[in-house]
Structure formats: C-alpha cells, structure tokens
Amino acid sequence: SPNRADLYSQTQAARISGKLLLSVGWTTSAQATAIAQECQAAGQTSPWFRIMPECGCSTADGYGVWSENVCAPAQFITQFSLTAIALRAVLPNCKIIYNPQLNSISAPTGQSNGWTNLMSGFPGVYNASTNPGGCDMGSWDGYDAIGVSAYQSIAQEAIGFYQSQGIPWGIAEWGLWGSDDPAFITMVGGLCTTANDCAFQCYFSVPGSENGGIDTVLSDFPAS
C-alpha cells in the first residue's frame, strides 16, 4: 500500500538534537524496519513514533497517501500492530503513540468505514507478552479552529480515556490556526500540567507558506 517511508533518512534524523517524534504511515514490516534502522544509524535509539496519525479521518495526515483513511478499525489495529512490532524489533527503547485527530471522541467528523469514535482504532496498551503491537502513550492532534470550549471538553474526554488505560498522554500536534487566540493558549497550557498527568506537548509552528496559507507560528500572534 502507499506509504511515506521515503521521507525519512539518516541525514534527516541526524539533524535532530532533541527528542525525535516521527509520523509513520501505512508501512510494510520491511519499510518500518528500514525507518527504524535509519534512526538507529543516525544515533536516534529512542525516538517516538505516532503511527498512522489522525486515524481513519478522510483528511488524515498523508491525505490518502498513507492509506489509513480507508481502514476499518480492525484493519487499522492490525496495521498499527505490524508497524509497531517492526519498529520495536530494531529500537526496543522507542515509544509508540496512538494519535487520533481531535474532532469529537463520541461523534467524529470525516470518519467512516466503521469508526464510531476516535478510540475505535485504539490498539491496546503495549505488553511484550500479550500485546507486542500496542501503544505506550496516547495523544491527539487539534487546533483552535474547533473553538476553545469544544476543544477543552473533547480533550478532557480523551485524557480520561488514556488515564483509564493507565498510559501517559500528550498533545502530539496543536496550535493556533491563522489568528490570535489567547484564551486557547491559556486553556491548553492549563491542560498540559504534570498535575494533570501530561507527559508532553508539541506546538505545531509552521508559516502559512508551508501550510496551505494557514499560519501557526506563535510569535506571529502577539496577543497569544
């Protein structure tokens, strides 16, 4: 199936001095192994991988190239597991992240093929013996375009789900969506605390020229 394994190389991985968080699409076991080997060769022995991010959405990352948007939940879980097992075989210290798009945990938009909520494709928690293809952490993608109150409510539901599974959670991709929104920044900051069991957060800072005209660079919005 189509994939984007060609995007990752030793040269790119070696440029990263901090924690490396990679999005990995629909891969064969061999392709996932090759990605992990490139990371290892570049000295990245404990990267984090979000496999087929935005799970099942018609507008998922990869825009159809990665194929996860055609998966029924059972297919998604099977493919997620295959990729996770291959990555861990090379990089036993890597972390695997389940990463839906924050539309709604109970009534998602843009999803079909049997997905009834954002956790329909949840692969279960990693266990070396009983679930070697499971995930280590939970996360989501989401921007202020859905509104502050809606985002906060849906995020709290997602947090509750991950906490019920006993795994750390974080926000793998978030940000403003083309305009100032100080209330949104304050709200997300309130979510992302150690007291709330947040493990990480990644602000998605991309100029409009590289993001379809939508600027997400925080410094471009001084009120936020």
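The chain exposes about 9600 Å² of surface, and carbon and sulfur atoms supply 53% of that area. The model is a predicted one. Of the 224 residues in the chain, 50% are buried.

**Layout of the chain**

Five helices and seven strands make up the elements of the chain. Read from the N terminus on, their order is α-β-α-β-α-β-β-β-α-β-α-β. Among the contacts with a separation of 6 or more, 72% are between residues 24 or more positions apart.

**Two helices in contact**

Helix H2 covers residues 29–41 and helix H3 covers residues 73–90; the two pack at an angle of about 35 degrees, and their axes are 8 Å apart. The crossing of H2 and H3 is right-handed. On the H2 side the contact is made by Ser29, Ala32, Thr33, Ala36, Gln37 and Gln40, which meet Leu82, Thr83, Ala86, Leu87 and Val90 on the H3 side. Sorted by type, the residues of this contact are six nonpolar, five polar and no charged.

**The nonpolar cores**

The largest nonpolar core has 47 residues. Within this core, the residues with the most contacts are Phe49, Phe80, Ile96, Tyr98, Trp140, Tyr151 and Tyr162. Several elements give two or more residues to the core, including the strands S1 (21–24), S2 (48–51), S3 (95–98) and S6 (169–175). The helices H2, H3, H4 (148–165) and H5 (182–191) also give two or more residues each.

Tyr162 shows what such a position looks like. Leaving out residues up to four places away in sequence, Tyr162 touches Tyr98, Pro100, Met119, Phe122, Gly138, Ser139, Trp140, Ile167 and Trp169.

Most residues other than glycine have a negative phi. Met52 is not a glycine, yet its phi is positive, at about 45 degrees. Asp197 is not a glycine either, and its phi is also positive, at about 70 degrees. Met52 is placed in the loop between S2 and H3, while Asp197 lies in the loop between H5 and strand S7 (198–203). Is each of these residues buried or exposed, or partly exposed? Met52 counts as buried because its relative accessibility is 0%. Asp197 has a relative accessible area of 44%, so this residue is partly exposed.

| Pair | Apart in sequence | C-alpha to C-alpha |
|---|---|---|
| Trp177 and Ile214 | 37 residues | 6.3 Å |
| Ala155 and Leu191 | 36 residues | 8.5 Å |

Trp177 lies in the loop between S6 and H5. With 35% relative accessibility, Trp177 counts as partly exposed. Not counting residues up to four places away in sequence, Trp177 touches Tyr143, Asp144, Ala145, Asn211, Ile214, Asp215 and Thr216.

Ala155 has its place in helix H4. The relative accessible area of Ala155 is 0%, so Ala155 is buried. Again not counting residues up to four places away in sequence, Ala155 touches Leu102, Trp140 and Leu191. One of these, Trp140, is also among the residues with the most contacts inside the largest nonpolar core.

Technical notes:
Residues are numbered from 1 along each chain as its sequence is written. This is a predicted model: local features need pLDDT of at least 70, side-chain atom pairs count only at pLDDT 80 or more; totals for chains, interfaces and linings use all residues. Side-chain values use heavy atoms; hydrogens and water are left out. Axes are lines fitted to C-alpha atoms, for helices over the stretch in contact, and angles run from 0 to 180 degrees between N-to-C directions. Helices (H or I, at least four residues) and strands (E, at least two) are DSSP runs, numbered from the N terminus. A crossing is left-handed if the near helix is turned anticlockwise from the far one by less than a right angle, and right-handed if clockwise. Contact means heavy atoms within 4.5 Å. Ala, Val, Leu, Ile, Met, Phe, Trp, Tyr, Cys and Pro count as nonpolar, Asp, Glu, Lys and Arg as charged, and the others, Gly among them, as polar. A nonpolar core is a set of buried Ala, Val, Leu, Ile, Met, Phe, Trp, Tyr and Cys residues joined through side-chain atoms within 4.5 Å. Buried means under 20% relative accessible area, exposed over 50%, partly exposed in between (1.4 Å probe, protein chains only). Accessible areas come from the Shrake-Rupley method with a 1.4 Å probe; for residues, only the protein chains shown count as cover.
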